[in-house]
Amino acid sequence: MNSEELESSDSVVKLETEQAGQYLLSAEDAELLQEILKHNLSHESGEKRKFRFQDLEFTRQLSTFQDLGTTAPQFHGFFVLFWMGVTLMLFRLAANNWRTYGSIWGKNEIIHLMLDKDVMVLGLTDLLLCWSTGFCLILQRVVLKGYIRWNGLGWLIQNIWQTTYLGVVIWWTYHRDWPWTHTVFIVLHCLAMLMKQHSYAAYNGYLSEMYRKRNMLRASLSQIKDKDRGHSTSAKIGHSSAVDTELNAEITDLKRKDSSRRSSDLRNYSRSHETDQLLSLIGTIETGVPLEPNQVKSLRELLEQEIEVLSEGLQGRCSLTNNHYPQNLTIRNICDFMALPTLVYELEYPRTKKIDWLYVAEKTLATFGIIVVMIAVSQSWIYPVVMDTVHMKAEGMTAQERLREFPWVLGDLLFPFMMEYLLAFYVIWECVLNALAEITMFADRGFYSDWWNSVSWDQFARDWNRPVHNFLFRHVYHGSISEYRLSRSSYISRPKRFTRCAILLLTDVIGHRFTNAQLIADQLAENGYVVVMPNYPTGPPNHLPDHIEPVVQAILKEMKSNMGCERVSAIGYCFGAKYAVQLLRPGLCDVTYMANPSFVEAEKLQAVQGPLSIAAAETDSTFPASKRHESEDILAKTGQPYQINFFSGVKHGFAVRADIAKPAIRLAKESAFLQAVAWFEQYL
């Protein structure tokens with residue numbers, strides 16, 4: 001352990017020696033061990049440890065317009081036509097201004113507004129705005145040294161700083177009496193840097209607490225090893241009580257089960273016995289029972305496992321560099337982050353191999369060219385209308401008279417405002433951010449999506465400004481869930497690339513927390529679909545349709561509106577199959593797949609209005625051969641595409657709760673999954 005780690009360990013655990021060959025857990029040590037055991041208890045279902053701030057994954061991708069020829073070639077010609085129209089408009093305005101005023105800029109009011117006042121002060125202010133973000137690095141170094149803790153005073157200082165940062169900038173714009181062009185630029189840049197600082201501080205503050213805990217465990221482990229070596233002789237001749245022997249067996253069994261939980265095998269879900277063991281062990285430690293050296297050995301191995309997990313968390317998503325905490329707390333790292341075109345801090349980002357300076361020049365020229373177009377539009381169509389409204393008031397027109405003129409003023413401004421909005425979007429999200437990304441070799445260019453195809457306000461708000469959406473997603477949505485321990489009603493798994501195709505996965509009676517069901521959802525996401533697995537009530541009496549159907553309908557509505565899913569398929573396993581079939585009609589779901597279905601009524605099958613695929617087991621009392629043949633006859637009469645695959649040698653539930661240790665059953669389970677994937681590829 002290095003000196004920096006020892007400095008951060010402000011509460012090193014100590015083991016007291018009660019008598020020869022025995023160890024008595026101190027209050028601090030017992031509390032720390034209880035925390036580890038309770039954490040393992042909360043993850044007993046087999047799921048991998050999930051860390052905060054790892055909910056987003058940056059990938060190598062081009063921006064929508066940059067990749068237009070590949071992703072939407074049918075739109076490329078219209079895109080070129082738009083810029084041809086803008087060019088013709090610019091020539092027409094310049095010619096008209098030349099004929100009327102002798103200058104292509106007309107009266108130049110907008111340019112004078114931008115350049116006549118405090119341009120140098122504006123630049124110095126922006127420079128100071130950027131450099132002052134170094135305060136966050138200083139604070140994180142103070143936290144690392146152990147002078148303060150992030151979860152205490154550190155978090156408070158950071159929030160006071162951010163509030164002061166924003167307040168001073170807003171005050172400064174009023175104090176200098178800047179025109180609106182200066183004010184809009186500096187306030188928007190201030191908000192962007194504010195979000196960057198918050199993301200940097202929140203992630204590193206979280207890692208500092210994890211780092212502190214790991215150091216405490218390492219110090220404890222070191223003491224355990226020292227005392228274990230010191231008492232090795234007495235351990236050989238010591239006597240174990242019945243209570244000590246039982247405790248040792250429980251700890252050893254806990255260690256074995258903890259190792260098995262970390263595997264990725266699809267096992268049947270069972271929790272009651274292990275839960276009782278964990279709770280019993282925690283209760284035993286709370287009583288202060290002395291531990292013998294062989295028992296401490298079991299504790300040592302348990303601590304080593306926890307240290308390994310925490311070390312993984314401190315590495316974040318680093319795979320190509322060693323920029324994990326606290327090596328990332330450097331001036332170079334924070335300057336690099338502040339220059340990157342993202343508002344979300346990560347320890348490592350995907351990078352390009354080299355800078356394409358020709359591309360940078362192209363985007364730079366495009367930036368200045370579009371700014372010229374924006375000035376021309378403002379000067380010709382916006383500024384005159386605004387000045388007319390000012391003259392109306394100066395000439396003494398009453399409010400009622402001006403109100404009658406308002407619709408005409410608004411009509412005159414609608415088209416130029418729309419043009420300015422489109423041009424502002426393109427110059428910032430396509431030109432400036434891409435140029436900055438190329439200079440910093442930032443490979444994830446997904447700054448926006450095709451927001452012009454949005455069908456709801458929520459979808460538009462997510463797609464037109466991805467950097468802000470990602471910030472809110474991590475630090476507001478997920479941050480609130482973690483901080484206030486809010487529960488999400490659904491398990492959601494997302495693919496690496498953006499898509500509008502989704503799957504509503506309706507589970508069997510075990511529910512959405514079943515590890516096997518979550519693994520299936522993740523595998524479907526790997527195949528390119530957003531997967532939503534709702535948490536509907538499955539136990540009596542809440543498993544009845546009048547309780548289930550409202551939940552399913554609400555989740556489906558959320559997927560189609562706020563989540564922006566345009567095409568949705570339904571999967572129903574066992575209990576969920578009857579509801580998946582009911583959704584197969586226009587306006588709800590486009591495709592349905594169900595495995596080992598239960599209680600699917602004939603009239604529900606007759607009413608399907610889309611492709612339906614069924615995976616059936618040989619031994620299934622809820623879907624026997626007679627029911628299977630009846631379903632085939634019904635589906636043949638609907639005229640809709642259908643598929644029924646029959647798997648021999650398996651029982652009801654094989655598609656989710658199969659015993660994969662048996663090759664034939666494992667093959668049936670995997671084949672049923674591939675059946676669903678192939679069906680969705682064909683019809684979704």
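This is a short tour of some local features in the structure above. Keep in mind that the model is predicted.

Let's begin with the aromatic rings. How many aromatic pairs are there? The count comes to 33 aromatic pairs. I'll show two. Trp171 and Trp172 form a tilted pair. Their ring centres are 6.0 Å apart, and the planes make an angle of 45°. Trp172 has a relative accessible area of 26%, so that residue is partly exposed.

The second pair is Trp381 with Phe415. This one is edge-to-face, with 5.9 Å from centre to centre and 65° between the planes. Why does this pair tie together separate parts of the chain? Trp381 lies in helix α15, residues 357-394, and Phe415 lies in helix α16, residues 399-439, so the pair links parts that are 34 residues apart in sequence.

Lys196 lies over the face of Phe337, at 4.4 Å from the ring centre.

Now, helix packing. Two packed helices are described by the angle between their axes and by the distance between those axes. Take helix α19, residues 515-526, and helix α25, residues 663-683. Their axes are 11 Å apart and the angle is about 45°. Because of that angle, α19 counts as oblique to α25. The crossing is right-handed. Which residues meet? From α19 come Ile520, Gln523 and Leu524. From α25 come Lys669, Phe673 and Val677.

Next, α4 against α16. Here the angle is about 120°, and the axes are 14 Å apart. This crossing is left-handed. On the α4 side, the contact is made by Phe79, Trp83, Val86 and Met89. On the α16 side, Met419, Leu423 and Tyr426 take part.

On to the backbone. Most residues other than glycine have a negative phi, and most peptide bonds are trans.

Where is the cis peptide bond? It runs from Tyr325 to Pro326, with omega near 5°. Pro326 is in the loop between α13, residues 293-315, and α14.

Then Asn108. Its phi is positive, about 65°, although Asn108 is not a glycine. Asn108 sits in the loop between α4, residues 73-101, and α5, residues 109-115.

Met441 also has a positive phi, near 60°, and is a residue other than glycine. Met441 lies in the loop between α16 and α17, and α17 covers residues 457-463. With a relative accessible area of 29%, Met441 is partly exposed.

Let me stay with the loop between α4 and α5, as Ser103 is found there too. Is Ser103 buried or exposed? Its relative accessibility is 17%, and the cut-off for buried is under 20%, so Ser103 counts as buried. What does Ser103 touch? Leaving out residues up to four places away in sequence, Ser103 touches Asn97, Trp98 and Asn108. Asn108 is the residue with the positive phi of about 65°.

Two more single residues. Cys335 is in helix α14, residues 331-339. At a relative accessible area of 36%, Cys335 is partly exposed. How far is Cys335 from Thr133? In sequence, 202 residues separate them. In space, their C-alpha atoms are 9.0 Å apart.

Last one: Asp463, in helix α17. Asp463 is buried, with a relative accessible area of 1%. Setting aside neighbours within four places in sequence, which residues are in contact with Asp463? They are Tyr448, Ser449, Trp451, Ser454, Phe498 and Arg500.

To recap, with the structure still in view. α16 packs with α4 at about 120°. α19 passes α25 in a right-handed crossing. The bond from Tyr325 to Pro326 is cis. And Asp463 is buried in this predicted model.

Definitions and conventions. Residues are numbered from 1 along each chain as its sequence is written. This is a predicted model: local features need pLDDT of at least 70, side-chain atom pairs count only at pLDDT 80 or more; totals for chains, interfaces and linings use all residues. Side-chain values use heavy atoms; hydrogens and water are left out. Rings of Phe, Tyr and Trp (its six-membered ring) pair if their centres lie within 6.5 Å; planes under 30 degrees apart count as stacked, over 60 as edge-to-face and the rest as tilted. Buried means under 20% relative accessible area, exposed over 50%, partly exposed in between (1.4 Å probe, protein chains only). Helices (H or I, at least four residues) and strands (E, at least two) are DSSP runs, numbered from the N terminus. A charge sits over a ring if NZ of Lys or CZ of Arg is within 6 Å of the ring centre and within 35 degrees of the ring normal. Axes are lines fitted to C-alpha atoms, for helices over the stretch in contact, and angles run from 0 to 180 degrees between N-to-C directions. Angles under 35 degrees count as roughly parallel, over 145 as roughly antiparallel, 65 to 115 as roughly perpendicular and the rest as oblique. A crossing is left-handed if the near helix is turned anticlockwise from the far one by less than a right angle, and right-handed if clockwise. Contact means heavy atoms within 4.5 Å.
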